[in-house]
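Here are my notes on this one, in numbered points. Have a look at the model first, then read on.

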Amino acid sequence: MTPRSGFSRQTLSVLAALSARPSDWQHGYALAKQTGLKSGTLYPILIRLADRGLVEACWQDEPQPGKPRRHLYRLTANGAAAAAAALADAEATAATASPPPARVRPRVPRSVTWAG
Amino acid sequence: MGRLSRAAGWGAARLLPAERREWAKAIWAEADEIPSALERLRWYVGGTWLLAKEPLMGRRVGRCLMFAALIAAMASSAWGSATAGADMWVVRALPIATVAVTILLALVARSRLGAVADSLIARTLRISMYLAMALLIVAVTGLVRLTGAESALLRLGPPSQLSAGKVVAWSLVELLLAAYIAAVLAITAQRSRVAPTTLVIGTAVGIVLGATMYAIMPLGVWEFSTAPWLRGTAGDPVVVLAWVLLLIGPFVAGLAAGRCYSRPASHLAGGSGKIRQGIAAGALMTIVASLIVCVLGLLTLAESAHIAWLAQLMLGGHHLSAAADAHRAYVLSKSFAIGYALIWLFFPLIGLGMSALAANIAWGSPTSEQHGNGPGGGGGNEEGPEPPPSPVGEPEAGEAIGVALELVGALPSGT
């Protein structure tokens with residue numbers, strides 16, 4: 001069930017992971033481990049959030065020797081506000097949602113026939 | 001393995017639009033941090049899936065595969081079977097030179113006129129041009145093998161003993177190919193300002209002319225029909241039709257293209273824009289026709305000496321060896337070179353000339369310059385106040401020639 005904020009469950013998990021340390025830059029693999037998402041799911045989410053201005057990205061300044069520079073992500077100010085609202089909304093939705101009562105259908109014996 | 005996968009990722013990223021390239025590189029760079037090989041493989045799979053889902057990816061990958069297939073076809077033709085002798089190196093030099101010239105012209109066209117225009121007809125024309133060039137090379141190498149040992153022109157000898165005449169002759173062949181490639185690249189580029197309807201009109205009339213001429217001369221350019229289905233006087237009406245299409249076709253295509261053109265508000269004054277479209281349609285028409293006649297004709301000549309059913313169809317009951325002898329005699333004759341040279345050289349000139357004439361008649365007067373109208377009636381939906389006269393004065397025949405030169409890249413745009 002999609003929460004009223006419009007973000008999918010996977011997107012909310014990414015927002016939650018970024019909101020845990022809003023001022024720190026985080027790597028893609030670290031986010032993948034926190035959220036349990038695969039790269040083919042995580043990165044389209046990050047791309048969409050970046051296109052909407054909720055996430056900012058940059059390249060690592062000083063990579064480790066012999067390794068390529070890594071891409072880093074964190075929430076923007078708008079992103080932090082949107083994430084807080086979306087996560088609060090998701091919690092509220094989860095708390096208020098409850099399954100409907102089971103409906104008991106009367107059993108009609110086979111021998112009974114309706115009057116025509 | 002790590003370097004290989006990294007290189008593959010960065011190479012694949014080049015196929016993406018610029019705004020997505022950074023993300024592809026990010027996914028590939030992150031894989032270096034994953035300790036487990038299986039997990040790293042899953043990471044690459046996810047990244048590859050992300051690239052594959054990009055909207056333009058299918059088109060770009062398809063384009064790369066198509067180019068690879070065309071180059072493979074040319075290479076197979078040139079290297080696949082034994083040449084007639086060690087000095088028949090032109091069979092291999094021609095494909096290499098053509099591919100190099102094509103790549104160079106494509107890069108120059110991209111830098112000056114932008115990428116291919118965003119219309120189906122423009123992309124189709126470019127792909128068809130590349131395919132035609134590849135088939136032409138395959139046909140020419142086939143004919144060189146058929147006749148090479150007996151042809152003074154084709155048997156070049158070792159490079160150190162090349163004569164100036166043969167160098168000039170083969171350089172002219174390559175120059176003609178380059179001119180055709182450049183013209184199609186220029187007409188189908190984003191900044192060429194040739195409308196899609198113009199491309200459609202030019203291509204359609206060109207296909208009709210090309211098909212008509214191929215129906216008359218599938219086995220070479222002679223004074224009479226070489227088609228087995230047009231013997232004797234049966235070909236006369238078709239020949240007349242071909243002449244009418246050749247001379248009147250560019251005229252009509254030019255008028256139709258200008259008539260259908262409705263200029264954007266910020267563009268050239270109505271008359272100049274319509275002249276440009278008219279000339280482009282006429283030139284394109286004859287380029288398309290010339291390619292159809294030459295590519296199909298040379299391929300038929302080359303392959304009907306090897307394929308039994310084609311020889312049967314074209315030469316009626318003759319064996320392959322008889323077909324090969326007949327074709328060899330023709331290709332070695334002067335008629336072969338002169339006939340196809342005339343088509344290659346003069347078709348585009350006729351197209352340019354007749355369409356420029358039509359465009360100038362229709363939209364070359366001061367009245368038509370102001371209103372964008374001509375004998376063909378009003379063009380487009382122009383409403384509102386009458387635009388001011390062009391500051392450069394009334395267009396003359398010289399402007400039509402200038403537009404023609406601009407289209408083929410001899411002049412910068414906007415001159």
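1. Start with B:Glu33, which counts as buried at 19% relative accessibility (buried is under 20% relative accessible area, exposed over 50%, partly exposed in between, with a 1.4 Å probe and protein chains only). B:Glu33 sits in the loop between helix 2 and helix 3 of chain B; helices are DSSP runs of H or I with at least four residues, strands are runs of E with at least two, and both are numbered from the N terminus. Setting aside neighbours within four places in sequence, B:Glu33 is in contact with A:Tyr29, A:Lys67 and A:Arg70, where contact means heavy atoms within 4.5 Å.

2. Before going further, some bookkeeping. This is a predicted model: local features need pLDDT of at least 70, side-chain atom pairs count only at pLDDT 80 or more, and totals for chains, interfaces and linings use all residues. Residues are numbered from 1 along each chain as its sequence is written, chains are lettered from A and ligands numbered from 1 in the order in which they are written, and side-chain values use heavy atoms, with hydrogens and water left out.

3. What do the side chains of B:Glu33 and A:Arg70 form? They meet in a salt bridge at 3.6 Å, N to O; the criterion is a side-chain nitrogen of Lys or Arg within 4 Å of a carboxyl oxygen of Asp or Glu. A:Arg70 also has a salt bridge with B:Glu30, at 2.5 Å. That pair crosses between chains, from the loop between strand 2 and strand 3 of chain A to helix 2 of chain B. Both A:Arg70 and B:Glu30 are buried.

4. Now the interface as a whole. Chain B puts in 19 residues and chain A 20, and together they bury about 1900 Å², 65% of it on carbon and sulfur atoms (buried area is the accessible area, 1.4 Å probe, that two parts lose on being put together, summed over both). The count of salt bridges between the two chains is 2.

5. B:Trp43 is worth a click. It is placed in helix 3 of chain B and is buried, with a relative accessible area of 5%. Its contacts beyond four places in sequence include A:Gly28, A:Tyr29 and A:Tyr43 from chain A, and B:Ile27 and B:Ile34 from chain B. B:Ala31 is 12 residues away in sequence and 6.6 Å away in space, C-alpha to C-alpha.

6. Two salt bridges inside the chains, for comparison. A:Glu56 and A:Arg74 meet at 2.7 Å, N to O, and link strand 2 (residues 55-59) with strand 3 (residues 71-75) of chain A, 18 residues apart. A:Glu56 is partly exposed at 29%, and A:Arg74 is partly exposed at 25%. In chain B, B:Glu22 and B:Lys25 pair at 3.8 Å; they are separated by about one helical turn because they are 3 residues apart in helix 2.
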